[in-house]
Structures are given as structure tokens and as C-alpha cells.
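Hi everyone, thanks for making time for this. I would like to walk you through one structure, so please have a look at it while I talk.

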Amino acid sequence: MTSNMENRSLFHELPGFEKGGFFDLGHPLLNRITESFVKAAGIGAIQAVTREAYFTAVEGETNRKSLEAMVKNTGKESLQWGVVAGIYSGLTYGLREARGAHDWKNSAVAGAITGVALALTIDDSSHEQVVQCAITGAAISTAANLLTGIF
């Protein structure tokens with residue numbers, strides 16, 4: 001007699017793998033924000049480590065200061081990427097639920113607010129940079145929304 005556990009695969013053991021979600025915090029909005037944050041933070045960390053490793057290899061510096069700078073930059077960029085992804089994902093979900101539709105307007109608002117949040121994480125951000133990031137975020141997000149149906 002075989003037990004039910006012997007017939008289960010790894011995909012059955014991971015909670016929510018079929019749905020694409022690894023977190024269950026009790027609300028779809030929290031799940032979405034957390035998952036977006038974790039995924040984007042990981043991507044940001046990988047991007048920062050590879051960039052810092054490249055510059056370390058090119059410059060030839062391998063001392064303790066360069067390692068500390070790499071760890072600091074990796075943490076900062078991973079946090080930035082995660083926060084931006086979490087804000088954008090949460091806003092698009094919230095706007096879709098509030099308005100009952102997912103269209104370019106939701107994307108524009110979420111992109112603009114996310115752009116402002118990104119600008120505020122930059123060292124010494126000016127008013128012009130905040131406005132520019134808001135416009136850029138709205139434009140990129142709207143374009144991505146409109147192009148989704150084409151490709």
C-alpha cells in the first residue's frame with residue numbers, strides 16, 4: 001500500500017507553486033506586494049553584485065573597502081528595486097480592485113507614484129528629478145500596458 005505522500009511531486013510540496021505564489025499572508029494584496037518585493041530585490045542584488053564585481057575586476061581593487069562598498073551598494077539597490085516593485089504591484093492591484101478595470105489609466109497612476117518613490121530614494125534628489133521620474137514612470141508603465149495586447 002503506497003501512501004499519498006509518495007505520489008506527490010516537488011511542485012505539490014511547494015505551497016502555491018501552481019498559482020505562482022510562494023507567500024500566503026492572508027490577503028492577495030499583501031501576497032502580491034511581498035512576492036514582487038522579494039523577486040525584484042533578488043534581481044537588484046544580482047545586478048549590483050555583477051556590476052560591482054566587474055568594476056572591481058577592471059580597477060583591480062580587492063581590498064576590504066571595496067568589499068564593504070559592494071555589500072553596501074548591493075543592499076541599497078536590492079532594497080530600491082524591491083520597494084519600487086512592491087509599490088507598483090500593490091498600486092496596480094489596488095487600482096484594479098477599486099476601479100474595477102485594468103487599463104492604461106491605472107498603469108499611468110501607478111507608474112507615476114512609483115517614479116516619485118524611486119526618485120525619493122536617490123541621494124540628493126531635486127524637485128526636477130522627482131517630476132522627471134514621475135513622468136518617466138507613467139510613460140513606461142502606460143506604454144508597457146498598451147503594448148501588452150500587441151505582443
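**A walk along the helices**

Let me start with the surface: the chain exposes about 10300 Å², and carbon and sulfur atoms supply 66% of it. Those accessible areas come from the Shrake-Rupley method with a 1.4 Å probe, and for residues only the protein chains shown count as cover.

A word on what you are looking at: this is a predicted model, where local features need pLDDT of at least 70, side-chain atom pairs count only at pLDDT 80 or more, and totals for chains, interfaces and linings use all residues. Residues are numbered from 1 along each chain as its sequence is written, and side-chain values use heavy atoms, with hydrogens and water left out.

So what is in the chain? There are 5 helices and 0 strands, running α-α-α-α-α from the N terminus on. Helices here are DSSP runs of H or I with at least four residues, strands are runs of E with at least two, and both are numbered from the N terminus. Of the 151 residues, 26% are buried; buried is under 20% relative accessible area, exposed is over 50%, and partly exposed lies in between, with a 1.4 Å probe and protein chains only. If you take contacts (heavy atoms within 4.5 Å) between residues at least 6 apart in sequence, 55% join residues at least 24 apart.

Helix H2 covers residues 28-59 and helix H3 residues 64-99, and their axes come within 6 Å and cross at roughly 150°. The axes are lines fitted to C-alpha atoms, for helices over the stretch in contact, and angles run from 0 to 180 degrees between N-to-C directions. H2 and H3 are therefore roughly antiparallel to each other; that label is for angles over 145 degrees, while under 35 is roughly parallel, 65 to 115 roughly perpendicular and the rest oblique. H2 passes H3 in a right-handed crossing, meaning the near helix is turned clockwise from the far one by less than a right angle, with anticlockwise being left-handed. By class, this contact of H2 with H3 has 17 nonpolar, 11 polar and 5 charged residues. Nonpolar here is Ala, Val, Leu, Ile, Met, Phe, Trp, Tyr, Cys and Pro, charged is Asp, Glu, Lys and Arg, and the others, Gly among them, are polar.

Is serine 78 buried or exposed? Serine 78 sits in helix H3 and is buried, with a relative accessible area of 16%. Beyond its neighbours within four places in sequence, serine 78 touches Ala41, Gly44 and Ala45.

Moving along, H3 and H4 pack at about 155°, with axes 9 Å apart, and are therefore roughly antiparallel. Their crossing is right-handed. The H3 side includes Val84, Ile87 and Leu91, and the H4 side includes Ala110, Ile113 and Leu118.

Next, helix H4 (residues 104-121) and helix H5 (residues 127-148) pack at about 145°, with their axes 6 Å apart. H4 passes H5 in a right-handed crossing. Among the residues in contact are Gly111 and Gly115 of H4 and Gly137 of H5. This contact divides into 11 nonpolar, 8 polar and no charged residues.

Last stop: aspartate 124, in the loop between H4 and H5. Its phi is near 55°, a positive value in a residue other than glycine. Most residues other than glycine have a negative phi. Aspartate 124 is exposed, with a relative accessible area of 75%.
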